[in-house]
Amino acid sequence: MTNKHTPRKRFGQNFLHDQNIIQRIVRAINPQPGQTIVEIGPGQGALTEPLLASGAQIIALEIDRDLAAGLRQRFQGAENFRLEEADALQCDIRLFANEGPLRVVGNLPYNISTPLLFHLLASKNCIQDMVFMLQKEVVDRLNAACNSKQYGRLSVMMQYHCAVQPLLSVPPGAFRPVPKVQSSVVGLQPVEPPLPAQAPPFFTELVKRAFAMRRKTLRNTLKGLVSPETMQQCGIDPGSRAEQLSVSEFVRLANGSRVCQNSANNSQSGSMQ
Ligand code: SAM
């Protein structure tokens, strides 16, 4: 099967062929019997085979119907293998969590890795951990500290929801076809944030708006959402830019804005009574 397939760029297909790297990734995942592991984009099965050998239950999500047919044939005898021919972006993985929390792994299609990470965050409560191969630049953004060039919306949202741990670097030569970019494997472990957002959708919107024009000051980017006075009450300089705020400062600003909005609403309704 493997030799006949022409890699499809639209599905981000760069297949792992370096056995040393494959073993290192599987060691980083450390699959165990009794675990349920969702593999996103199994492709030709480079990671799937050693994952199955561990005895873990593997649920593989593959969008490419030709690759899905090959996987079905190759692993038909494996009792711990289940294939879902599906778009991971549309898939509700919570449906697979009957037996307990899921592990989610994969050499992700790089063209959709950011929306996929955001999609998975919505299922955070049923995820034990995630181990993904990503473009190195994306891992650098996931792990970036504030005041750095790489720090952005992805850093804030992922660090709010997960502990981020870069695990290993992978050179382009480990894949076929050879990608133009360096790759890295990262571990993401969902955590309870030390300072939780009181209204998560508002926090999400605030972070999105703040980074939409990252060169502008918060006074401008958050106009209509948070007033400069509220920023000052929260200890945030309205003249600063999004990249200068830590994750907990974003949460503080979001929570403080809600408090100010609520008290403004209350005093308005009070004055109308
Ligand atoms: N795991 C294989 C490996 O390491 O050799 C293949 C990795 S390749 C980078 C990405 C895989 O994700 C491909 O098999 C591709 O068809 C699949 N894929 C792309 N978009 C997808 C999506 N939206 N849902 C599920 N699978 C997808």
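My entries on salt bridges follow.

I worked from a predicted model, in which local features need pLDDT of at least 70 and side-chain atom pairs count only at pLDDT 80 or more, while totals for chains, interfaces and linings use all residues. Residues are numbered from 1 along each chain as its sequence is written, and side-chain values use heavy atoms, with hydrogens and water left out.

I looked up the total and found 12 salt bridges (a side-chain nitrogen of Lys or Arg within 4 Å of a carboxyl oxygen of Asp or Glu).

I then turned to Arg-103, which pairs with Asp-129 at 2.8 Å between the closest N and O atoms. Arg-103 belongs to strand β5 (residues 102-107) and Asp-129 to strand β6 (residues 127-135), 26 residues apart; I note that strands are DSSP runs of E, at least two residues, and helices runs of H or I, at least four, numbered from the N terminus.

Next I checked Arg-74, whose salt bridge with Glu-49 has its closest N and O atoms 3.1 Å apart. Arg-74 sits in helix α3 (residues 65-74) and Glu-49 in helix α2 (residues 48-53), so this pair ties together parts 25 residues apart in sequence. Arg-74 is partly exposed at 36%, as is Glu-49 at 43%.

Last, I recorded that Arg-214, Arg-215, Arg-241 and Glu-243 are linked in a salt-bridge network.

How values were computed:
Buried means under 20% relative accessible area, exposed over 50%, partly exposed in between (1.4 Å probe, protein chains only).
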